[in-house]
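This report describes the fold of one chain and the surface through which it meets a partner chain.

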Amino acid sequence: MAKKAKAYWKENLRYLFILLTIWFGVSFGAGILFKDVLDDIKIGGFKLGFWFAQQGSMYVFVILIFIYVRLMNKLDKKYGYDS
Amino acid sequence: MIHSLMVEGIGVQNWTYILVGVTFALYISIAIWSRAGSTKEFYVAGSGVSPLANGMATAADWMSAASFISMAGIISFAGYDGAVYLMGWTGGYVLLALLLAPYLRKFGKFTVPDFIGERYYSDIARIVGVLCALLVSFTYVAGQMRGVGLVFSRFLEVDINTGVIIGMLIVLFYAVLGGMKGITYTQVAQYCVLIFAFMVPAIFISIQMTGNPIPQLGFGSQMADGSGAYLLDKLDGLSTDLGFAEYTEGSKSVTDVFAITLALMVGTAGLPHVIVRFFTVKRVKDARKSAGIALLLIVILYSTAPAVAVFARTNMIETVSRQPYSSVPEWFKKWETTGLIVFDDKNEDGIINYVADVSKNELVVDNDIMVLANPEIARLPDWIVALVAAGALAAALSTAAGLLLVISSSISHDLIKKIINPNISENGELIAARISAIVAVCVAGYFGINPPGFVAATVALAFGLAAASFFPAIILGIFYKRMNKEGAIAGMVVGITLMMLYMIKYRLGWFDEVLPGKDQWWFGISPEGFGSVAMLVNFVVSIIISKLTPAPPGEVQEIVENIRIPQGSGPASPH
């Protein structure tokens with residue numbers, strides 16, 4: 001039982017680490033720290049860094065949460081925690 | 001183009017009365033239908049709210065008068081720098097969904113101080129939690145009541161104080177009667193009203209300016225005037241012509257943008273009135289899902305706001321800059337009478353000189369104009385102008401109600417039931433909760449009518465306070481089993497004290513003769529961004545102190561192991 005819980009927790013932490021790395025990358029990375037570099041690329045009327053800061057990061061945030069919901073629902077099932 | 005002649009028969013004023021009247025009648029009916037019968041219904045809506053309804057309620061709770069009225073305006077003057085609010089106030093939901101909501105739901109208590117008190121097995125921790133919750137919520141709610149008053153006075157032409165009192169009565173009615181249950185279902189209705197009211201003008205203006213009906217794409221498109229120029233390039237050009245920074249560049253330092261964004265994200269995740277929403281759903285998986293739905297619904301407005309900002313700023317510069325004052329459109333004169341547009345013809349040439357150089361600039365435009373006057377600037381029909389008023393009221397009322405509930409439950413549940421009189425009956429506690437809600441509304445209303453000078457300055461800082469106090473205590477409580485009461489209490493006290501001192505010194509200037517300037521900020525970080533520093537200090541202090549003091553008792557470590565597993569989350573219970 002305790003072993004199962006530990007394994008579940010470990011997988012959960014791995015998901016958190018990956019998803020939060022992306023979370024940091026799109027907002028603090030693309031939108032702030034590397035904004036000036038990305039601004040040299042233009043998509044339509046948007047400079048890319050500016051777009052990440054004012055649009056893209058928010059869209060990625062929403063997608064990240066729904067990915068997490070799916071991953072965790074699967075994980076819950078795998079460990080029988082979904083009852 | 002839709003012309004205002006279509007509905008001239010009714011007029012903006014009557015449309016406003018109709019729309020505000022209808023929406024208020026709706027909120028009150030919902031409150032009567034969903035009134036609370038038990039403390040569980042009063043505090044957490046009986047933990048039976050569906051993820052979709054909870055997501056909508058969370059979104060309405062979250063989006064305040066500031067999000068609805070002021071944010072697009074602030075962005076339109078700040079340009080790129082406005083991204084701190086966009087990323088800061090949405091990114092926190094990722095932290096909530098991944099790091100807090102599921103575990104707190106599993107823990108199954110009524111309030112945030114409840115979690116702090118149980119996890120850190122200490123009434124002192126609970127009291128520190130209550131004090132932090134009250135401090136954060138009161139700074140926040142006073143601003144909301146002021147917002148309600150402003151909207152009433154501007155659109156219904158009543159005195160601002162009368163506006164605050166009307167707002168108080170409405171909130172009082174459904175917060176006291178319905179508790180969390182009543183608030184949740186009225187917030188669902190308020191979300192629908194506010195998002196419709198925000199999107200309709202934005203879509204119309206996007207079509208006018210760029211031919212694209214989706215504002216999020218419109219502001220990156222070419223202009224509809226046939227010039228083939230991209231709207232953002234045009235605005236960058238207009239801005240530099242007038243001596244401002246390029247719109248897409250901004251003027252804050254990278255460090256400060258980083259710090260403010262982080263403080264707002266972490267603060268969002270630590271705000272008690274947001275966290276408590278996730279106690280209202282049935283299961284742990286619902287808590288995750290409803291955080292996702294809430295963010296999706298919030299992002300609909302937040303991704304539109306920067307588009308509105310660009311449309312409004314371009315429109316405004318093109319309409320008034322270097323134009324003779326005698327030929328300004330009607331809306332300009334109308335908003336001048338409210339003092340939100342001020343024109344001072346310094347060189348007396350009769351031309352409006354709008355430039356960055358303060359000594360030569362003749363036009364001052366309030367942030368709030370950008371959303372409130374936008375429909376008029378774009379000459380949209382009267383009913384849309386009225387709709388904006390109804391939407392702004394929905395935004396302000398829903399947030400105020402959510403905050404008042406946190407305040408009343410902190411007092412009736414965390415202080416009275418858990419500390420002062422544990423033998424209080426279910427009915428007694430419910431009465432106490434209702435009385436605390438009444439007192440809280442009156443205090444908030446008082447601050448709304450007599451706003452102390454520091455309220456406006458501190459509302460934004462409520463996030464810093466939440467970041468510096470709750471966030472580390474909750475995160476460590478879930479992810480670090482060894483965390484004990486000594487560490488958590490020391491961390492919260494040091495974190496919030498440091499944040500308050502920095503705020504008092506560098507925002508309010510009470511320690512010095514004159515407010516110390518930017519050059520004296522620590523690491524170049526503004527008071528708005530300092531929450532992230534205070535949060536780090538809280539983490540460090542908590543961990544060091546807890547290493548030096550005894551480990552938490554075995555049963556507490558078991559609780560931590562238990563909340564990490566979603567299975568068997570019962571309904572939220574007071575015991």
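## Secondary structure and basis of the model

Helices (H or I, at least four residues) and strands (E, at least two) are taken as DSSP runs, numbered from the N terminus. On that basis chain A reads α-α-β-β-α along its sequence, with 3 helices and 2 strands.

The model is predicted: local features need pLDDT of at least 70, side-chain atom pairs count only at pLDDT 80 or more, and totals for chains, interfaces and linings use all residues. Residues are numbered from 1 along each chain as its sequence is written, and chains are lettered from A and ligands numbered from 1 in the order in which they are written.

## Overall dimensions

The C-alpha trace of chain A spans about 55 × 20 × 15 Å along its principal axes. Its radius of gyration, taken over C-alpha atoms, is 17 Å, whereas a compact globule of 83 residues would have a value near 12 Å (by the rule of 2.2 Å times the number of residues to the power 0.38).

## Contact with chain B

Two residues are in contact if their C-beta atoms, placed from the backbone, lie within 7 Å. The contact takes 34 residues from chain A and 39 residues from chain B. On the side of chain A that touches chain B, the elements giving two or more residues are α1 (2-33), β2 (46-47) and α3 (48-78) of chain A. Of these, α3(A) gives the most, with 16 residues.
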